[in-house]
Amino acid sequence: RKGWKPQVQLVSHAQDPGFLLLAEQAEATLALSRRQNATITDFTIGLDCEWRPRTRGGTKDSPVAVLQLALPALTFVIDLQALCQSGCTPSDPMSGPEQALNDILGPLLADEKVAICGFGATGDLKQLAESYPHMPCFERCTCVVELGAIARLFFPEWKKGFKRSLSGLCELLLQRQIDKREQCSAWHERPLTEEQVRYAALDAAVLPHLLGLMAQRPPLCHCETAECVQQCMYARPGLLASWSAPTVMMRGNEGKVEQ
C-alpha cells in the first residue's frame, strides 16, 4: 500500500522498554491465536534476519545482527548483536538480557498455533540457531510458513514475469517493490541508522500482509471463500513445516524440516 509504514519498536539494550512491549505483544499474540474467530493475520508472525553481508566482509558464519518480528500490533527490530553473545557453544550460560529474550521468544516460536511466516524462513532460522546455539528459543520453530512455496503453487505468473524474490512477490500482489537499498548495508556496525531500522521493519511487516492477500485470492483449486483458501493452503504438503536445529548445535534433537 502506498505510504504504508508499520509501527516499529527497536529493542537494543537490557533496560530497553521494548523488552516489556515485546513480552506484552507476545502474550497478546498467543491469546489471539486461540480465538475461534481468529483471522490469518491474528496468528501469523513475520520473521526476517539481517547479518553482515559478503560485500562488506561477511561470511556464511556471520552471526545474525538483527532479528525482525512482525507481530499483529507492532513490528520489533531486535538488535541481537547488542543484546547477545556471539561465539558461544550450546553449553555456555545465557546472560541476563539473553535469558529475558529467551523467555519471551521461546513460547512464541514453539507454539503450534502461531505461524512463523517468512521468505526463506528456514535459512533465517538456521542462521539464528548457528549464531546463538546457547539460546534454546532458537532451537525449534513448530509452525513455519514459507511464502515462496505458497507463491509457486498458487501464483504461476510469479514464476514467469516477476523476480522470484520477496520484492518480486510484492510487485505481483501489491503492484510495488520493496526498496532493497539497505539490504547489503553494514548491519554489523553500530548504531543502526534510521534507514536500516525502517527497512528491517518493513521487510518483516509485509510478510503477514502478503499471506493475508494470498488467502483472499482464489488459487488454482478454485476456492470461493477466504476460509476455504486458508484451509487449502494449510492442507497442501510443503507449505507448513516444523524446524529444529541440527544435533551439532543442540542437545538431543535431530536437525530437520518436517512436513
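**Helices α5 and α8 cross in a left-handed sense.** A crossing is called left-handed if the near helix is turned anticlockwise from the far one by less than a right angle, and right-handed if it is turned clockwise. The model is predicted, so local features need a pLDDT of at least 70 and side-chain atom pairs count only at pLDDT 80 or more, while totals for chains, interfaces and linings use all residues. Residues are numbered from 1 along each chain as its sequence is written, and side-chain values use heavy atoms, with hydrogens and water left out. Helix α5 covers residues 147-154, and its axis comes within 11 Å of the axis of α8 at a crossing angle of roughly 25°. Axes here are lines fitted to C-alpha atoms, for helices over the stretch in contact, and angles run from 0 to 180 degrees between N-to-C directions. Helices α5 and α8 are therefore roughly parallel to each other. That word applies to angles under 35 degrees; over 145 is roughly antiparallel, 65 to 115 is roughly perpendicular, and the rest are oblique. On the α5 side L147, I150 and A151 meet L207, L210, L211 and M214 of α8. Sorted by class, this contact of α5 with α8 has seven nonpolar, no polar and no charged residues. The nonpolar class holds Ala, Val, Leu, Ile, Met, Phe, Trp, Tyr, Cys and Pro; Asp, Glu, Lys and Arg are charged, and the others, Gly among them, are polar.

**Helices α7 and α8 pack at an angle of about 45°.** The axes of α7 and α8 are 11 Å apart. The angle makes α7 oblique to α8. The crossing of α7 and α8 is left-handed. Helix α7 contributes L166, L169, C170, L173 and L174 to the contact, and α8 contributes D203, V206, L207, H209, L210, L213 and M214. The contact of α7 with α8 has ten nonpolar, one polar and one charged residues. Contact means heavy atoms within 4.5 Å. An α-helix has 3.6 residues a turn, so residues three or four places apart point the same way.

**Helix α7 is largely enclosed by the rest of the structure, because eight of its nine residues are buried.** Buried means under 20% relative accessible area, exposed over 50%, and partly exposed in between (1.4 Å probe, protein chains only). The buried residues of α7 are L166, S167, G168, L169, C170, L172, L173 and L174.

**The loop between α7 and α8 holds Q175 and P191.** Q175 follows α7. Q175 has a positive phi of about 60°, although it is not a glycine. With a relative accessibility of 61%, Q175 counts as exposed. Further along, a cis peptide bond joins R190 and P191, with omega about 5°.

**The structure holds two aromatic pairs.** The ring centres of Y132 and F138 are 6.3 Å apart and the planes stand at 45°, so this pair is tilted. Y132 is buried, with a relative accessible area of 2%, and F138 is buried at 3%. W187 and Y199 form an aromatic pair that is also tilted, at 6.0 Å centre to centre and 40° between the planes. The pair links distant parts of the chain: W187 lies in the loop between α7 (166-174) and α8 (194-216), and Y199 lies in helix α8, twelve residues apart. W187 is buried, with a relative accessible area of 0%. Y199 counts as buried at 6% relative accessibility. Rings of Phe, Tyr and Trp (its six-membered ring) pair if their centres lie within 6.5 Å; planes under 30 degrees apart count as stacked, over 60 as edge-to-face and the rest as tilted.

**V145 is found in strand β6, which covers residues 140-146.** At 0% relative accessibility, V145 counts as buried.

**The protein chain has nine helices and eight strands.** Helices (H or I, at least four residues) and strands (E, at least two) are DSSP runs, numbered from the N terminus. Of the 259 residues in the protein chain, 49% are buried. Among contacts between residues at least 6 apart in sequence, 67% join residues at least 24 apart.
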